[in-house]
Every structure is written in C-alpha cells, then in structure tokens.
Amino acid sequence: MRSRARLWFTLPFLVPFVLFYLLPIGYAIVQSLTKTERTGGIFGETTTTFAGLEQYSRVVTDPAFLRGVGRVLLFGVVQVPIMLAFALLLALVLDSAVARLKRTFRIAFFLPHGIPGVIAALMWAFLYSPQLSPIVDLLEGGGLDVDFLGSGTILWSIADVVTWTYTGYNMLIIFAAMQAIPQSVYEAAKVDGAGGIRTAWSIKIPLVMPALVLTGVFSIIGTLQLFTEPIVFRAISTNVTSSYTPNLLAYTTASANNYPLAAAISVVLAVATFILSFTFLRATAKRSGL
Amino acid sequence: MSRPAGNWGGSTTAVLSGTEHPAEAARFALWLNTDPEALAMANELGGLFPAANAGEDLPALQGGVGFYGGQEIFSIFQEASGNVDTDFTWGPTMTDTYTAMSDGFTAALNGQGTLSEALTAAQEASRQSLEDQGVQVAD
C-alpha cells in the first residue's frame with residue numbers, strides 16, 4: 001500500500017516528463033527513420049515511408065555537418081578548460097577573501113549567468129559590431145583594427161560570450177564544494193607549515209575534483225549543443241553559416257520543413273553527446289568518486 | 001531586355017481551397033490588384049507599387065515624391081517593372097535555396113571557392129531539398 005502511494009506522488013512529474021520529454025524523443029527517433037514521398041506532383045498527397053538508416057547515412061556523410069562537429073569539438077577543447085580554470089581561480093580567490101567582500105563578489109560573479117542567454121548574446125553582438133561597439137572604437141583609437149566578427153575570429157568571439165556567461169555558474173559550484181572542506185584539514189595543513197598557495201594547490205583543488213568533473217560534464221554537454229550564441233550572431237554576421245554548429249544545422253533543417261533529416265541530426269548529436277560525456281565521466285571516475 | 005530586373009518581396013493575395021466562395025474571392029483578388037482605384041489607394045495608404053501593368057499610368061505615380069525631396073522615384077520602378085521576367089516561378093523550398101546561397105557566398109567571401117561555385121552548389125542543394133519533399137525534379 002505504501003509503495004502504491006509513493007507512485008501517485010510521482011505522477012505530477014511523470015506525466016509531463018513522459019508527455020513532453022520521452023514521447024517527443026521517441027517520436028523524433030521514429031521520424032528519423034522515415035522520408036517524405038509525394039504522389040501527384042507538387043501539390044499532391046504526401047506520404048511518410050520507412051527509409052531505414054537513409055537519413056543517418058546522409059547526416060554522417062554531410063561535409064557541412066562534419067565541419068560543424070569539428071568546430072564544436074575545437075571550441076570545447078579550447079574553451080572548456082580555460083573557462084573551468086578561470087572558474088577555479090575565482091573560487092579560490094573568493095574562498096580566501098574577506099567575509100564582507102565574499103557576498104558581493106559571489107553575486108557579481110554569478111550575475112552574467114542570471115541574464116537570459118539570448119539577451120547576453122545580443123548585448124555582446126552590439127559590443128562586437130564594427131559600427132556600434134565602444135570596444136572597437138577604443139582599439140581603433142589605439143591603432144588596432146580588430147574584426148570580432150571575421151571568419152577566423154567569430155568562433156572565439158562566441159567562446160568569449162559563453163565564458164562570460166558560464167564562468168560564474170561554474171565558479172559557484174566549485175565554491176560550494178570548497179565550502180564543504182572541513183576546517184580540520186586546513187588546520188592540519190597549517191600545522192604542517194603550508195602557506196596559502198600550497199594549501200590551494202595540494203588541498204583545495206584535489207578536494208573539489210568532483211565539482212570540477214561535474215562542471216566539466218555540464219560544459220561538454222553545453223558545448224556540443226551550442227546554439228543560442230551562434231543563432232544570435234547569425235543575424236549580425238554572414239560568417240555564421242546555417243551549419244555552424246550541429247544544433248544550429250538541426251534547427252535550420254527543421255525550419256526548411258525537412259523533419260526526418262532534422263530528427264536524424266538531433267539523434268546523432270544526442271548520441272554523440274551521451275558517448276562523450278559518459279567517456280569523460282568514466283575517464284575521471286577515479287579522481288571524482290562519481 | 002535592356003536591364004533585366006528581378007523581383008524581391010511584395011505581397012501575395014491567395015484564395016484558400018476550403019473557401020465557400022472561390023469564384024467571388026478570386027474576382028475580388030483580381031480587382032484588388034488591377035482596379036485603378038484600388039491600386040491608387042494601396043499606393044497612397046500603403047506605399048505599394050502596383051504589379052499590374054494597368055497601374056503604370058496611375059496619376060499618383062507621376063511627379064515627384066515629397067519625402068524624397070521632390071524626386072521622381074516611380075519612373076525607376078516602372079522601367080524595372082517592364083524588365084522583369086514573368087516566366088519565373090518561385091519554388092516551394094525557396095528558403096532552402098536562400099540558405100544554400102548564403103552559406104555558399106560566405107564560403108566564397110572567405111576564400112573557399114568562387115561565387116559561381118556557390119551558385120552551382122546552391123542549385124544542387126535546391127534540387128536535394130525538393131527531392132526531400134518528394135517532388136520530382138526534371139533535369
């Protein structure tokens with residue numbers, strides 16, 4: 001009787017979860033195995049026929065898709081370690097700061113994440129725009145002609161926005177883990193003669209490894225699904241093509257009403273994300289205890 | 001043709017297939033876009049330039065326009081209007097064509113391929129998108 005009651009309590013979660021999460025995923029998977037056929041010319045009837053893995057073979061052999069995958073992988077390899085290192089540094093600084101400053105800086109560091117992603121990207125778009133940006137003006141005054149939206153630099157301009165947005169969020173997770181370190185460990189370290197930096201390197205960082213792995217997994221997943229910043233920047237620069245990131249490619253394919261192909265792209269992206277994050281967790285299992 | 005002109009934007013009037021009065025709706029659509037009085041109103045209130053040849057002689061389209069400092073802007077449109085290829089039909093997947101062309105031109109501007117290669121690639125992408133919708137494409 002008791003376990004039955006427990007099940008009823010999960011219903012408010014289970015019903016929307018199944019309806020709006022599991023069912024659409026299942027539907028997308030089914031859709032990715034079909035293709036559209038038409039009888040009677042352009043204005044004829046459409047039928048959805050089973051196409052097996054045809055859409056998938058198109059996706060994995062599409063050079064634009066593969067370029068997009070390469071792009072997000074490059075992005076991830078560069079941006080994620082830099083961002084996490086920066087977040088770790090900020091957490092260490094915060095941990096050793098005066099109590100009063102702690103509160104202010106905690107809020108200040110987290111504020112960028114509180115701004116909705118699209119609005120942050122729009123703000124940065126103005127900051128990068130050659131005509132409107134005060135930064136570009138300043139640099140031009142100093143003799144530097146910078147093009148933030150050029151084909152070679154726009155990926156890193158996007159990386160800059162992502163770092164700005166998520167460093168505070170990651171810092172907070174690492175900082176919370178740091179707070180959980182018992183005082184006795186610090187006391188033992190002081191007795192052993194460890195200074196601030198040595199404590200940070202040999203005690204704090206190893207003990208927040210689980211938090212670093214957690215933020216690492218989040219960042220990997222987020223990077224593979226990079227979408228908000230590219231689509232906002234697409235409006236201000238032609239250097240962001242329709243297949244700039246795999247997620248953006250799925251979106252533009254769906255906007256072109258090619259749902260089976262878009263579904264296939266999404267499934268491939270989801271599987272790749274799953275494999276990569278699972279591999280990362282496995283590789284860091286010993287250090288993270290997860 | 002002296003200077004070929006293309007068509008971009010504008011508005012369409014369509015009669016939906018489920019309507020109860022298709023003939024009347026079609027007649028109204030035709031009237032809306034060819035009657036001189038309707039065209040004059042559309043130009044005055046909506047700034048629309050008439051697509052119908054009947055609208056070329058509208059009194060509103062002769063003479064200067066105050067907003068442009070008295071310049072006669074409509075004569076340019078009238079000349080271009082006569083040079084538009086009326087055999088051209090918009091495809092059902094034009095947005096795909098636009099995307100392919102935009103991507104191709106981006107690549108060309110960044111030194112990867114030429115503009116004409118971009119156009120060829122866009123043609124191939126358009127064919128592919130039509131076939132994805134089940135439409136047979138003639139060679």
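## A right-handed pair in chain A

Let's start with two helices of chain A: α10(A) crosses α13(A) in a right-handed way (right-handed if the near helix is turned clockwise from the far one by less than a right angle, left-handed if anticlockwise). Helix α10 of chain A covers residues 209-224, and helix α13 of chain A covers residues 259-283. Helices here are DSSP runs (H or I, at least four residues), as strands are (E, at least two), and both are numbered from the N terminus.

The axes of α10(A) and α13(A) are 10 Å apart, at an angle of about 160 degrees. Axes are lines fitted to C-alpha atoms, for helices over the stretch in contact, with angles from 0 to 180 degrees between N-to-C directions. The two helices are therefore roughly antiparallel to each other (over 145 degrees; under 35 counts as roughly parallel, 65 to 115 as roughly perpendicular and the rest as oblique).

On the α10(A) side, G216(A), V217(A), I220(A), I221(A) and L224(A) meet residues of α13(A) that include L269(A), A272(A) and F280(A). Contact means that C-beta atoms, placed from the backbone, lie within 7 Å. By class, this contact has nine nonpolar, three polar and no charged residues. Ala, Val, Leu, Ile, Met, Phe, Trp, Tyr, Cys and Pro count as nonpolar, Asp, Glu, Lys and Arg as charged, and the others, Gly among them, as polar.

## About the model

This is a predicted model, in which local features need pLDDT of at least 70 and side-chain atom pairs count only at pLDDT 80 or more, while totals for chains, interfaces and linings use all residues. Residues are numbered from 1 along each chain as its sequence is written, with chains lettered from A and ligands numbered from 1 in the order in which they are written.

## Other partners of α13(A)

Helix α12 of chain A (residues 246-255) also packs on α13(A): their axes come within 8 Å and cross at roughly 165 degrees. These helices are therefore roughly antiparallel to each other, and their crossing is left-handed. Among the residues in contact are P246(A) and L249(A) of α12(A), and Y259(A) and I265(A) of α13(A). The contact divides into nine nonpolar, three polar and no charged residues.

Helix α2 of chain A (residues 54-61) packs against α13(A) at about 65 degrees, with axes 9 Å apart, in a right-handed crossing. Here Q55(A), Y56(A), R58(A), V59(A) and V60(A) meet P260(A), L261(A), A264(A), I265(A) and V268(A).

An unreviewed UniProt entry lists "transmembrane region" for several spans of chain A, including 107-128, 148-169, 207-227 and 259-281. UniProt positions follow the numbering used here, feature names are shortened, and annotations may be inferred rather than shown by experiment.

In the model, residues 107-128 of chain A are 91% helix and 0% strand, with end C-alpha atoms 26 Å apart. Residues 148-169 of chain A are 73% helix and 0% strand, and their end C-alpha atoms lie 25 Å apart.

## Where chain A meets chain B

Chains A and B each bring 14 residues to their contact. On the chain A side, the largest share, three residues, comes from strand β1 of chain A (residues 34-39). That side divides into three nonpolar, nine polar and two charged residues.

Notes
Contact = placed C-beta atoms within 7 Å.
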